[in-house]
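Visitor: Please guide me through the structure shown below, one question at a time.

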Amino acid sequence: TPQDEDGNWLSTADGGEYPGWSDVTLVKYAKEVRFLFGVMMKRDAAGNLVGDRIKPLEYTGKWIVGVKKYREAMALEVARANRLQGGGDWSCTKDYSKEELAALEGGRYEAWRIEKLGSGDGWKEDVQDRIGRGADAVMCITTLMQHAIDEGNRLFKDTPFKDSWFLFHDKLSAWWEKEAQDYLRERGFFDRQVRAWGDVNSEFSRYHESVVGDRPEFCALDFHLFEDLDTAVLRNIVSTSWMPVGHKHRYDNGTPKELASAMVRTWESNPPGWRIAEDMTRLSAVVLDKIIDAGGGLVEDFEMQHGGCSKRKRNLKDLSAAAMRSYVPPPEVAAAEKKRCKELRAKAKAMCGC
């Protein structure tokens, strides 16, 4: 992210510069769409484990930052607005002196609301909207936390675990900063997240009351489900590629906006619930046993993961071929496939004179 000479976040408009090349990866897939995806598992009325998906939260084009850096970004934006002359959209605030603006926590943003709406309430949302746009856009980690908690509460609402379900996230540095963890305390989730407990890792401050490493086997999404989603998105794109560009049922990936739409619509039915449960139960059936066998220490690599969903070994006993499909076509895609197959069959018959 752009910084001042002390390493603090600073917009490029205010003189901030991007740091030099580093071997440390600062952001994943900078030119691709970015989402917070999540899955959960619970028992249905018959006692069977079933999975479900949270509503995805998109943050394409934004940097996820910790609470401190986000507050700095807000303060810098207020200071930037205060330095303006008060023209254009800010014309109603042109008579405010520097001292009067400085006396308002939200500065010119708050003054604008006072003049236009009679109250300064809501200025924080205006600032957050501003720093959430453009090349230097940022999003606070607590936004991701809030979304994950709200969605978890929704999905566990009618279960015995509505007040006790657990949250899991990998070793994203912003997630485990003190201020972010304080936010989870306020929401009642500091002790309802998967992490090291008690004195575990107390000699290593980085991992105390946190998680260690980021192996994909610890997260069902990283383990196999993201690959299932990728496969489903591509299949939806291929199955609807014959439709006119811009058709409401067509799936595309030509631009970030098109890809984001394709992913969100595919996520509504993929990966299916039984597939989510299958991968989440692998944690205890495969991963944890290996860690216990290693005495809680380093686990040597072994083949827990296979290259693709079609290559994974499954027990086919008592399972129908239809149930084994990890791809669930959305209704509009299934209809498109059926229609296209019918058209191609008719064309083939005409070509052979049948």
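**Helix contacts and ring pairs**

Visitor: Which residues in α6 do Ile141, Thr142, Met145, Gln146 and Ile149 in α5 meet?

Guide: This is a predicted model, where local features need pLDDT of at least 70, side-chain atom pairs count only at pLDDT 80 or more, and totals for chains, interfaces and linings use all residues. Residues are numbered from 1 along each chain as its sequence is written, while side-chain values use heavy atoms, without hydrogens and water. Helices are DSSP runs (H or I, at least four residues) and so are strands (E, at least two), numbered from the N terminus. With contact meaning heavy atoms within 4.5 Å, the residues met in α6 are Ala180, Gln181, Tyr183 and Leu184.

Visitor: How are α5 and α6 oriented to each other?

Guide: Helix α5 (residues 141-155) and helix α6 (residues 178-186) have axes 10 Å apart and pack at an angle of about 30°. Angles under 35 degrees count as roughly parallel, over 145 as roughly antiparallel, 65 to 115 as roughly perpendicular and the rest as oblique, so α5 and α6 are roughly parallel.

Visitor: What kind of aromatic pair do phenylalanine 37 and phenylalanine 226 form?

Guide: Rings of Phe, Tyr and Trp (its six-membered ring) pair if their centres lie within 6.5 Å, with planes under 30 degrees apart called stacked, over 60 edge-to-face and the rest tilted. Here the centres are 6.0 Å apart and the planes at 70°, so the pair of phenylalanine 37 and phenylalanine 226 is edge-to-face.

Visitor: How many residues apart in sequence are the parts that this pair ties together?

Guide: Phenylalanine 37 lies in the loop between β1 (35-36) and β2 (39-43). Phenylalanine 226 lies in helix α7 (residues 220-239), so the separation in sequence is 189 residues.

Note on methods: Axes are lines fitted to C-alpha atoms, for helices over the stretch in contact, and angles run from 0 to 180 degrees between N-to-C directions.
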